[in-house]
Structures are given as structure tokens and as C-alpha cells.
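Welcome, and thanks for taking a look.

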Amino acid sequence: MYKVARANEYLIITGYGIDDVKLAKKAFILPGQKASPIDISPVNYTFDVQAMSSEKLPFILPAVFTIGPHDDRDALIIYGKLLSGIKSERELHDLLKGVIEGETRVLAAAMTMEQIFQGTKKFKQQVYDKVQLELEHFGLRIYNSNIKQLCDMPGHEYFSFMGQRVQQEAANQAKIDVAEAKLKGDTGAKEREGLTIRNAAKVDAETKIYEMQQTGETSQNQAKIEAQTKIYNNERAIELAQANAALETKKALYTQQTKVAHVESAKASEIREAELNKTLEVKRAEAEMERLRATTLAKAQVEYEISVQQANAQLYTAQKAAEAIRFKREAEAEAKLFEQQKEADGIRAMSEAKADYISKMAMAFNGNYAAMQQFMMMETGTYTQLAEINAKAINGLAPKISVWNGGMKGGSSSNGTGQGSESNAIADIYTMLPPLIDTIHEQTGVKMSSNPLYTTMPSRTLA
């Protein structure tokens, strides 16, 4: 069975195949296993904790705690083991109340009522820390705590008396504060009146002194201004006289310079006119020379450029022709190389085929190479080719056959010594020579002369 827990729940799984417990949000529950959901939602618990101080004064600590399982795997496993079997909220409430009252009583027993009353905030924090420490053993956590004001148990009015005392002390202190405030107000008012009178008199005196100082300073400044004015006027008069003298001097100097300038200007005009005439003649000569040079050089330049263009055209034509020849040769070389490669590939393939054929033939003839050779010669028509070649060799021949008989003539030697037989043999040789010579002439064309030492060879023309 497949179970899925809600968002605020976990599944505690026990049973077959699980040593202790298993915590999961969703799981397959096998036979022999049991899954129990645990709710981790926090719950508010209200307590009226009864405690006693070190002076044996009882009091009540009203508190509201928001407590729930801690959302941590280890804490949830502890909670599942210890508290998941509690079915009643009352049982869990009593358990938490026992923990909280125990820790609160221990803390209160070590403190006086005055310490508890004066340090209420610190006391509440200590209660929270101690309770949280104990709740961790159950896998619980305090999410929020609200500890209210301490109050008396029925029949005891300590906190009431303490409150009255505090209220009375506050009232008395308020009266004292009012009286002190009134005293300070009256004294301050008088001090303010005297201070006002003193400040007014001081201001009047300072005002008169300031008026007298201002009057004296005004007189001094007026006299100083008049003296400075006279000095300034005298200085201006001196400067004016000096300026007039300098003006007259500069006028005379400028008049003299003007006359000299007129003379120099006239002479300079004549000199400039002569220089311009000279420059004009020089420029004319240079222009004529440049004209002649330009005419001659332009013609030479045109001829030079034409020759250069022709040479460039010839060079370009030669380069293009060379490039065409080079490309043609490269193409031919590549084509020849490709053809040779293909031919080599064909020869190699034919050789491999022949080698394979010969190897198979040798295997077919069981290594009898003589029989295999005869079979291959018959297969390839070698015998037929040999017969044709021999027939062609003797085709057209007209052999001439000469037969002659030069046998011994009958009779034997008369003297019986054998000399007659020798003579007959020599006679037979001479008898055979004429027909032999004719046969040689007919067969070879060589004509034998009457003198056997001299033979006439037939003339032959080399093709």
C-alpha cells in the first residue's frame, strides 16, 4: 500500500525490514509494516504555574506556550518514539505542565520575591530557556511563549501590597517633583528678571561706546580721505605733465621718421622697379628654356612610355603564354600520372587475379606443375600459336632439291695394293664438284668461279 502524509504530517514506519523506525513523507507500506502519521502543527497550552520563592512566599505565574514537534529528523524520530502513542490532548497537557512547573519551581526557589518582582523579564527568559532544554528530550520545541504578570495566590496579598507601595512611592515622588518644579520655576523667573535688567544696561553702555567710536573713526577717515585726495591730485598733475612732454617728444620723433620714410619709400620704389625688371627678364629666359626643355622632354617621355607599354605588353603576353604552357604541362603530367596509376592498378589487379588463379590451379593439380603447365599451354592456345608461327616461317619457301649420284665405278685395283681405291675416291670428289657448285648457285645465288679460291658473292641491297 502506498501512503502519502499531509503537509503538516510525517509517517512513522515500523515493522518488517526496519531496524528501529523510519521517517518519511510518502512510502510503500509492505506487509508486516505499520505506518502511523504524526502531526507537527504547534498547539497553544495555557498554564497557571504555582511556585514559591526562597522566602516561602507562594505566587502564580500565568503563561501561554505555543509548543509543537521540532521539524528536524532526529527530533521527529524522538517525538515519534515517545509521544506518538498519546491519544489524548489532556495527557500531553499534563506532561507539559509537569515539565514547566518543575523548572519554574526550581528557578523560583533560588530567588527572593523581590528579585523575582524586580527582574520579571529576566526570570521569564530563564523559565523559557530551562523549559526548552527539557522539551528537547521529547523532540518538542517552543515556538512562542507569553508569560503574563505574576499574581498572588488566594489568601496572599504580597503583590498587592508591593503594588500599593510602588503606587504610594510614585505619588510621593510626584509631589516632590511638583514642589521642586515650582521652586525652580519661581527662582528661574526672578533670575530671568535680573538677567534681563543687567543685559539691558550692558547693551545701552555698549551702544554709547560704539557710537563714540564710530564718530571718531568717521572724522579720521574723512581727514585721511582729504589728504589722499590732494596727494592723488598732485600725482595726477605730475603724470599729466610727464605725459605731455613725452607726447611732444614722440610727435617730433614721428615727424622725423615720417620724412625719412618718404625718402626711403621713393628710393625703395626705384630699387624695387629695377629688381622687378631684372626678375622679369630672368623669368622670361627661364620660361623659354623650360618651353624648349618641355617640348624635347615631352617627346622623349612619350616615346619612352610607348616603349615601356610595349615591353610590358610583350612581358605580359610571354608570362601568360608561359603560364598556359605550364598549366598544360601540369595537366598532361597529372593526366599521365593518373593514367599510369590506373594502369598500375589494373596490372596489380590482373597480377593478383593471375596469382590467385595459378594458386588455385596448383591446388587442383595437387602440386603437379608439369601437368599444370601443359594444361595452361593448352588453355591459352600456346601450341596452336607455335604451329601458326612455324607455318608462317616456312610459308612461301620453294626449296630446290638436287640429287646426284657420285658413287664409285665398278672394278678394283689391278695391283692389289689399294692404290686403285684411293684414286677412285679422288675421282668421285671431282665428279661431285660441278653439280655441287650449281646447287649452291641455285640455292644461295653464290656463283663459284673456275678457280675455287675466288668466289663471287651476290650483290645485296640493304633495305
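What follows is a friendly walk through the ring contacts of this predicted model.

## Ring pairs

A pair of aromatic rings is described by the distance of the centres and the angle of the planes. The structure holds four aromatic pairs. One of them joins Tyr45 and Phe47. With 15° between the planes and 6.4 Å from centre to centre, the rings of Tyr45 and Phe47 are stacked.

Phe47 also pairs with Phe65. Here the centres are 6.3 Å apart and the planes stand at 50°, so this pair is tilted. Phe47 belongs to strand β6 (residues 43-52), while Phe65 belongs to strand β7 (residues 58-69), so the pair ties together parts that are 18 residues apart in sequence.

## A buried cluster

Taken as a group, Tyr45, Phe47 and Phe65 are linked into a cluster by ring pairs. How does each member stand on accessibility, buried or exposed? Tyr45 has 5% relative accessibility and therefore counts as buried, since the cut-off for buried is under 20%. Phe47, at 2% relative accessibility, is buried as well. Phe65 is also buried, with a relative accessibility of 1%.

## A charge over a ring

Another kind of ring contact involves Lys25 and Tyr10. The charged end of Lys25 sits over the ring of Tyr10, at 4.5 Å from the ring centre.

Technical notes:
Residues are numbered from 1 along each chain as its sequence is written. This is a predicted model: local features need pLDDT of at least 70, side-chain atom pairs count only at pLDDT 80 or more; totals for chains, interfaces and linings use all residues. Side-chain values use heavy atoms; hydrogens and water are left out. Rings of Phe, Tyr and Trp (its six-membered ring) pair if their centres lie within 6.5 Å; planes under 30 degrees apart count as stacked, over 60 as edge-to-face and the rest as tilted. Buried means under 20% relative accessible area, exposed over 50%, partly exposed in between (1.4 Å probe, protein chains only). Helices (H or I, at least four residues) and strands (E, at least two) are DSSP runs, numbered from the N terminus. A charge sits over a ring if NZ of Lys or CZ of Arg is within 6 Å of the ring centre and within 35 degrees of the ring normal.
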